[in-house]
Amino acid sequence: MKTLKNIYLACFSALALSACHKAELAYISPAVVQVSNAITSDTLKGAIKGTMLAGKTYYFSKDITVNDGDTLQMQAGVRLIALGDGKTYQTAPAIIMHGTFISLGTKENPNYITVQNSAALHTEAEAQNYSNVFQGWWGGIICTPGPVIDGKPVPTGGDVVLKWTHLEFAGGPAGPGTLDAYTEGDPRYVIYFANITKNFILEDSWLFGSKDDGIRVAGGKISVMRNTFELCGQGGGEFFNMKSGTLGDLAYNFMIGAATNALKASDAGGSGIQTNVNMYNNTIVNCGFRQTKSGRGGSINFEKAASGQVYNNLIANCRFGLRVTKDADLQNMKYNNQYFYGVTTGIAGQFLASDGVATFQPGDIHSDAAKDNDPLFYGYDLTKYDYVANPGPLTVSAQTPYVVTVGTSNFRLQAASKGLGAGKVDFQPMAAVTTTGDYGTTITPPGKDIGAYQNDGTGNQH
Amino acid sequence: MKKLLPLLVLFQLAISSFAFATGGIKGTVIDKNTAEPLVGASVEIKNKTTGYKQTAGVGLDGSFSFKNVPAGKYEIEAKYVSYQKEETDIEVNDGAITNVKLALKSKENALNEVSISGRADHTSDQSATNAQRHSPQILNAVSARTIEVSPDITIANVTQRMSGVSVERSSNGEAQYAIIRGMDQRYIYTLVNGVKIPSPDNKNRYIPLDIFPADIVDRLEVSKSLTANMEGDAIGGAINLVLKDAPEDFTVRANVGTGLAANFIGKGFTQFDHGSSEQASPRADGRTASLADFKNNPFYYSEKKVPLASILGLSIGGRSADKKFGAIVSVSYQNTYRQTNGTFFGTEANPATNEPLVTSVQKRTYNIQQQRTGIVTKFDYRFDKKNKISLDADYINLTQNNFRFSSDTSLELGRVGVSTGRVSQDYRSDRTIQKIYNLNLHGDHKLSDDFSMNWTALYSKATANEPDRADLNLVTGNIKQANGTVVQQPVLFDGENAQTRTFTKNSDEDKTGFLNFTYNPTIFDTKVEFTAGGMYRDKTRHSSYDKYSIRPGLDNTAQQFNGNIDENTFFLFTTQGTPSNALNYDFTERVGAGYGQFKFTAGKLLTIGGLRYEHTYQLWHTQAPETVAGKDGTIKYYDLLPSLNFKYQFNEKQDLRLSYYSAISRPNFYELVPHTSGDPDADYDEEGNPFLKRTTANNFDLRYELFPKALDQLLVGVFYKTIKNPIEYSIEKRLTSYVLTPENFGNAHNYGFELDFTKYFSNFGVRANYTNTNSKITTDKEEGYRDDQGRVTHRTVQQTRSLQGQSKNIANFSLLYREAKSALNAQLSFVYTGARLNTVSPYLDNDIWQKGFTTLDFSTEKRLFKGLYGYVKATNLLNTPYELEIRRPYPKDGVDVELQEVGKNTAVRRDLYRQYYIIGLRYKL
């Protein structure tokens, strides 16, 4: 019996060995990377690299790509015009940026990345006609590492450095060209940045009229200084949305008329690098009124394990004030010296969003009463728009240009403002971006006056 | 317990009546050739002089008895379908018991000898047992008769009563896919009459079993080992639906029934208007869409007050006078309505502690109408003793209308206390039409005394069309007022996504040919059977997918929804669908196979061995852009798959089987194409993986079988599988997010034992089986924690777990009662399915498990008049919930919400289906 057993055993082992599974002989088409060409004319096409020369105007009507390792640069005074109607992805061209993108506008000669009819669109916005503003004319700038190819097993993408640059009128559903960042059909932002080891620098620039989120950073080192954000998100969307892996500072930004939040930080996405951002000396006005979902923020939001410091921000007439949800990383959060103003008791009641866990701090300026603690802007009447009759959610056409754009308003503080000298200055910016100079950042340290404009002329220069 | 009481009383009564039985005549009725008992045969005694008559039925153990028979000479006659009646004379003496044995000869005529399995009434239990006993591979079988008297109306539900089989359910609580010994549908193929047919389901190669009405099959077989003549891609096993054959005599069977779900008692069924639904996406029609393409009809609802099911079945068959031509046509129609009510929790892992974090509570109600139509026909022609051809032509259609309403309350957003928070509501109307066409031409030819061949030419096509899955996405909130009351806010549309309209359509077409030769020489006085053959299949799948997103009208993005959608305006955001989604693909797979097999019996040892060669060629093109790796691909490989089966027959009644086979499992097309997104209920985006390898396995089985008498049996087995490159869904980290993607996972092992027991005592029977399965696989997990600086981060750790869908313990227990004379059948069935892994979490110890559960079903059938029977089926008597949980205590700082208890496992889902009742009439001629 034993030998029989052995024979069987031998038989079975022999069989198991004789089973043969030939390895797969596979051809899986690799990602195709186009060979990049230098800029030779004012029309940009396909894969490009190189420099757009000062004062010139350039055009693109189809998606353009900058390969990993390449650089696309705009000298001062360049206009880059997206040609499209935003109705299909083919006619809403995007800049697919796997390399480095540099736009060095100056105060005297700012750069523009916009559409051909931008002047008309601004005129319409001034006339409270926003339907074309939110067309989503082009596909935005999508900054992600390039595809994995032979010789580049771990692409990292490149830096983005934008100075004195107008970014306008992007959005519209994603097509096949931008699958790194979006699922086909997703709404697109003006800029999507997901190069977690790289720098994202936005300084002294303007963002206007994006269909959804203005800028979304899904990981990266950021320095967002002294910019102006106006009228973004038709029926939802943030000015500046940060996901897991984002480190850096957002300061001296002036933000008016976002559909939802002005600034939102979250560690969603689980990159392993915890989102940690400082937001200081920002002025945020009339944000959050177009979002239809309840339990969303309207100015500054910290959610899901996000951490950072929030000081010296002026939040006036926003649907919700500071919102720190209980799943934010409270142990690594600090906040104080915020200046809150509400023209209605409803707004005043949400200076700290009631579903959050933030509490008033000793340095905060706030009151339960409507119209208390007017920050005394130089040229802006916070009581002009009727928020009693229009508590939100609002459709954009119900909002006057006065509440969603800067126009001729002036948000500097008058000499009698309680905000002057009420800021906290004894903390340091995070300075996650360490590069300085033309291709780096100039960080303005915390200022003593609350908000984006300092009485000594520093801060936001617009 | 209340529900059980009447049943217990019924059994109590039956037992007591049995206890008083005494008799003058006892005996058995068997098949003359096979000596198998003929359960259900009728026996009549007649005294010619007194005219005294009495009839009895043959019980489950093959016996019959007559009691209180006056002394005298009797003529005793036994009759059974498809058998010649048998008569004999006996004498009964006072106080004594006369024993008699009647052997009936099958009517089957000699023309039939080509056929391997004979032409007896296949639908009977003993034919199933025979199939089981005589099969070369390890097999469990269920007969049509068992199915008929079981509580089940679909094939999927039947499978769960078989040893080692558990089922995966769809959202209506109905079984959909079988899991054999812990191996899920990926590892199991489904055959119809021994050949594979394609699946209408885009995600699976093999057809979902709920598409088949139970009454179209003659026999259901589950093979747990393979022989070389079977296709090699069944690591878990194979399920074969043997459809009905033309009967020898003209036969009519009809079945009319109706049913009602307990959920509809006192309330109606919500149905949506699918009349004007598009049949294809505008893009598939070659158009850029406009808003007018998306009618509001899917959001028009009406109520069906009493949603009664219709269950109709008709089967007519017979043979021509010369018995050469046979035909059978079975038509089945089932229209059922069901409702499911569920509570679902959104969960995450706390990034700082890795503890489960419950973020939202969702209430879901499904109203599901399923219409199953099956037309199964079989024609055969026997030219002579040696040549026979048959043609199967089948059409199966499952149309499903699924209305789901869900209301999701955030436990974080907008929450300021009990019952407050943001609420997202989703009205979803979804109509799916799945069809299978199958044409199978088969020939058997005996070329000489020891040489025969058979061939099969098969064309089949499966299609699935989900023309317009329409979601209406609404937002509201429950806000606490200054005075402390909670007030619901107006219902608005999700500004970025008010409606989602999704279109999926796919078809899968198979052209297959089989050719087999059998040679039966006698070598060294031993009859040896050599079989050799081959097959070739050309399979093509086309898939198209489009999604459109609709926003509130731009004139007012903050407009309210008051229940009448016609009062709202919308704006079509995506006019082009999703043309570059890789789910728009064409996939071709060509499999060529050849095998050689031998079979001989030396002494008491039956040996079957063989080697199979399978060559696989795959080719796909997707419409993904060229920047996506795997846009196109070809894969080629071959496998040599040996198998060896021994059956050692100690004696007539017991044997021992030992088997080895090598098998593979090919990735699904859906998994290979580099698509993104997918299931709208999924928490993570799905991603295809063109680099997936096939799974290979070595499988060992040892089984002891005992057939003490009649239908009684005891099967005890152990099994062991080593599986290389098993494919499991795992959550993979991408640069900034996670995706759910199929991956190969090194090596896994799956082992366990099985016990299957059947015992009949005259009118009673007990069927029980138990399977213990263990499997192991090790994968990477993330664990969230705070580092030394107090920052939140996570690390990768390894975790060993079981395969998805594998329950450690599965048990079935059925109690049968059968009174042959009055033809009363009753069956009470318990199924226990042990806890099993439902979803693998990317986080350590956060996997979602389905709790172990027991279901109880009851069915009974009684002859009312001649061939007319009445039946009642009641399923899910215990109202067993479908429950998912994370096996970690609900944290102390978790939100206080229903079903969650601090310190107990964290609840994830709880669905309730309640009972389902069916009542009907069956007619047999």
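Two residues are taken to be in contact if their C-beta atoms, placed from the backbone, lie within 7 Å, and on that basis 72 residues of chain A are in contact with 76 residues of chain B. This is a predicted model, in which local features need pLDDT of at least 70 and side-chain atom pairs count only at pLDDT 80 or more, while totals for chains, interfaces and linings use all residues. Residues are numbered from 1 along each chain as its sequence is written, and chains are lettered from A and ligands numbered from 1 in the order in which they are written.

**Chain A against chain B**

- On the side of chain A that touches chain B, the elements giving two or more residues are α1 (2–18), β1 (20–21) and β2 (25–28) of chain A, where helices (H or I, at least four residues) and strands (E, at least two) are DSSP runs numbered from the N terminus.
- The most is given by α1(A), with 6 residues.
- Strand β1(A) runs antiparallel to β33 (residues 632–651) of chain B, joined to it by 2 bridges, and two strands pair if DSSP finds at least two bridges between them.
- Within β33(B), D639(B) is the residue that H21(A) stands opposite.

**Domains of chain B**

- Chain B is divided into domain 1 (5–106), domain 2 (110–255) and domain 3 (256–924), with bounds that come from an automatic or database domain assignment.
- The C-alpha centres of domain 1 of chain B and domain 3 of chain B lie 46 Å apart, and 17 residues of domain 1 of chain B are in contact with 17 residues of domain 3 of chain B.
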